[in-house]
Amino acid sequence: MSHDNISDDKLPEAHAASEGHGLPAVADDPFADPGLPAHEPRRTDIDERAAKRAERQVSLMFVTSMLATVGFIASYVAIKPDKLVYIFPLGHVSALNFALGMTLAVALFCIGAGAVHWARTLMSDVEMPAERHPIEADDEVRADVIQQFKTGAAESGFGRRKMIRNTMIGSMAMVPLAGVVLLRDLGPLPEKKLDHTGWIEATPAAPIRLVNMNTDEPMKAEDIAVGSLTFAKPGPSASRPNGLQDSDEDFQQAIAKDALMLIRIQPEDLKDEKSKNLGFEGVLAYSKICTHVGCPISLYEQQTHHALCPCHQSTFDLSDGARVIFGPAGHPLPQLKITTDTEGYLVATQDFTVPVGPSFWERSA
Amino acid sequence: MSSSPSTTPPAAPASTRAKPANKGEAAADYLDGRLGIYSLAKANLRKIFPDHWSFMLGEICLYTFVIIILTGVYLTLFFKPSMGEVVYNGSYAPLDGIRMSEAYASTLNISFEVRGGLLIRQIHHWAAIVFVAAMFVHMMRVFFTGAFRKPREINWVFGFLLLCLGFFDGFMGYSLPDDLLSGTGIRFMEGAVLAVPLVGTYIQMFLFGGEFPGTDIIPRFFTIHVLLIPGVMLGLLVAHLILVFYHKHTQWGGPGKTEKNVVGMPLMPVYMAKAGGFFFLVFGIIAMMSAVASVNPVWAYGPYRPDQVSTDAQPDWYMGFAEGLIRVMPGWEVRAWGHTLNLGVFIPLMLFPLVLVLIAAYPFIEGWIIGDKREHHILDRPRNVPVRTGLGAAWITLYVVLLIGGGNDLIATHFHLSLNDITYFVRVGSFVLPIAVFYITKRWCLGLQRRDKEKVLHGRETGVIKRLPHGEFIEVHAQLPQGALHTLTSHEQPQPLELPSEVDENGVARKVGLLTKTRAKLSEGYFGEGGQIPKPTVEEHQEITSGHGHH
């Protein structure tokens, strides 16, 4: 070890030389490897009382672990799953989860702490070198292996009998096709499935009412207040006499495309003539499914008429044909043409004119 | 006791082994006669491992993987991977009477009725989060110290594959409960798949067994999550560890340490106790996290419905950079000839693997530039390879910037910033910041190299102020001990490749390929004047220590 009280500038060189721990001093190369430093004994190596103390500490940790396991079993038996308990600073938490977790944590951690403490204080910490051998084989082995391979290859006649080789490669290449073909029934072909929604059943002769998602009631234009946001789904139709209900077997699939956002904007605030004509007295029905990757849009700013997708923040101006004004969406939200039936309820008389949701290769709109 | 020469014709050689001293030896002999355990143990029982805190990062990965398997098996005993609809009437009152999938209902059951089920679920999820994080940090350790160099390049690739598979298995795992948040993640995946040109809609239909969401995706994810990916990962993991044993661990340079040895302590008993104990430490800490910190409280989100969503919809952290890519990408769509090319989604989808492959391919690129065919077992100090360190820091920067983009809504609400500004910042920052960080890191490394050089040549500051006869004050510097001098000077400093002269000795123009020229340029960047500070030479040291100048 070097000392700090250097009295002469020339001293360090002598020091450096004395660092070798028995190795001959390398006077001409101060950077030479002095070899492994000598082992410095720990307190537990030389003081038996310290070693005994360490032994007791390790055992104490193992005993603590045992007690914690008993505590785990006791908690499992004694605490009801629905019991809540106030623990600072966590607040009200499940008592069972907390007790089981903490006892398990102590039981496991103490085993680990005991083992590591044992290794660090009582097991030998003498560092020793082990030789490394090159990973690659020497030339003789290499030549031998290559020769063996050549012999094997020659005996198989793989290179010589080309017909066998070619047909074997052919058969091996073809047999995986069986596995590929088997994947065909994973699902149907896309066909035109993504182009239409459940609203396709709506015709001028048989319109489908827009039904409030929460109340399951049809709506009139005056039910939609300016500045409000209402979610709607298809009402009764030929194939669904009760309208789309969440008890329907294919509800999830249907609502993933049919869900609507209804808003009402003063007609003079509407910037897009085409969008205005698709609506009814300022009531506009947009697809709720974001055109980016399909999240349902659910944030609406009534003053700016902006709708924001909470997933990736695509922002649409609903007063301007749901034009994308920010974010990663690539095209406007599709708008459903609506009108009213003879009783004054809002209805759709046709499907969306473009596919709803994220775009895809076959999308032509 | 050696067997006496037999009178019967020589059959199979009989054992010449001495009688075992006790039952333990007898049992070992029995196994050795059938499994050959002595030869295996001879090489490994007292195998030397070097000691450094950073070498335990890989252990954390291994142990969390084991924890995930243990808890995962327990969860499969109760989880029902089915999208069949049920009406919930379990003990969680707020969801009473609500329609949901069996997957979600059984997750609620695990969380509220199975005693300890919530704990195991949370340990499973926390361990998964720590697993990916530990793989990441472990990979960075290997990267910055150059531990990926020959002969370990292929083990680097194994590790990289484990990281990628960890990403996907994590994603599928948190998708299984079929809650509102995870369903939104699956919907995102559907949108991403649809953006693939030509085959997107086909993949979507085949993956989901029809239109989104269908009833197949959860059971299919389940099989992939619990069988396919873990099976592959287990194989890779075993291969990874076998190679670690076979190559022997890398070590830091220093006195007594060479490329031809490994200095440390033996597997038995020190590392059995330390590494074995560390498994329990990791398990204990994750159990404690699961006792006090809730993760993925699916009951709070409710069952998945495609027309509902909650705000702050975030994936687990490791998918965050992919989320950032998808959020900040402008919504470019090309429509022509009746088709749509959704670049706004497709480009991020392609950048996601590209960002990862960049780091995976690095060892091969660096190996090609340097052209070094030797084995390396002594680790590089990051400062001694400034360009590599800079590139690594740039990559991390890109990752972090994209992570910020992926959490732009959270950052906007927590720090009261404009969401739009954050997005614009990420768009610019993901190009500019990695470059800036590269230069800063590289110069920083060069600065540290200069400091090392100064310490070697002039010694360390002692804090002792000395007044010279003519009144000048100087601080006395003390020479470093030889061990430290050796540590600071023993690294290699490769020289840049030199292109052969443009004409050969006969004056005929020599053709130098573009690839060779590029390689020489890159090599100059790595090891040229701007790439490293020449380390002190013995002559420089002797000149200074022989009496001229004293600080």
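Predicted model: local features only at pLDDT ≥ 70, side-chain atom pairs only at ≥ 80, totals over all residues.

1. Residues are numbered from 1 along each chain as its sequence is written, chains are lettered from A and ligands numbered from 1 in the order in which they are written, and side-chain values use heavy atoms, with hydrogens and water left out.

2. The size of an interface is often given as the accessible area lost when the parts come together. Here chain A and chain B bury about 9,600 Å² between them, with 62% of it on carbon and sulfur atoms; this is the accessible area (1.4 Å probe) lost on being put together, summed over both parts. On the side of chain A, F31(A), R132(A) and W361(A) supply 11% of the area buried against chain B, more than any other three residues. The contact (heavy atoms within 4.5 Å) takes 104 residues from chain A and 125 residues from chain B.

3. Across this interface the rule finds 3 salt bridges, a salt bridge being a side-chain nitrogen of Lys or Arg within 4 Å of a carboxyl oxygen of Asp or Glu. One of them pairs D246(A) with R99(B), at 3.8 Å from N to O.

4. The model has 1 disulfide over all chains, by the criterion of two cysteine sulfur atoms within 2.5 Å. The disulfide joins C295(A) to C311(A), with 2.1 Å from S to S. The link is left-handed, at -90° about the S-S bond. C295(A) lies in the loop between β7 and β8 of chain A and C311(A) in the loop between β9 and β10, so the pair ties together parts that are 16 residues apart in sequence. Helices (H or I, at least four residues) and strands (E, at least two) are DSSP runs, numbered from the N terminus.

5. Both C295(A) and C311(A) are buried, where buried means under 20% relative accessible area, exposed over 50% and partly exposed in between (1.4 Å probe, protein chains only). C309(A) is also buried, at 2% relative accessibility. Its closest cysteine sulfur, in C290(A), is 4.0 Å away, too far for a bond.

6. P188(A) sits in the loop between α7 and β4 of chain A and is partly exposed, at 27% relative accessible area. Among the residues that P188(A) touches are K193(A), M205(B) and F206(B).

7. In helix α19 of chain B, V538(B), H541(B) and T545(B) are buried. They cover an arc of only 65° around the axis, which puts them on the same side of α19(B); the arc is that of the directions from the helix axis to the C-beta atoms. The face turned away from this buried side carries the exposed residues E539(B) and E543(B).

Note on methods
Buried area = accessible area lost by both parts, 1.4 Å probe. Lists of a residue's contacts leave out its neighbours within four places in sequence.
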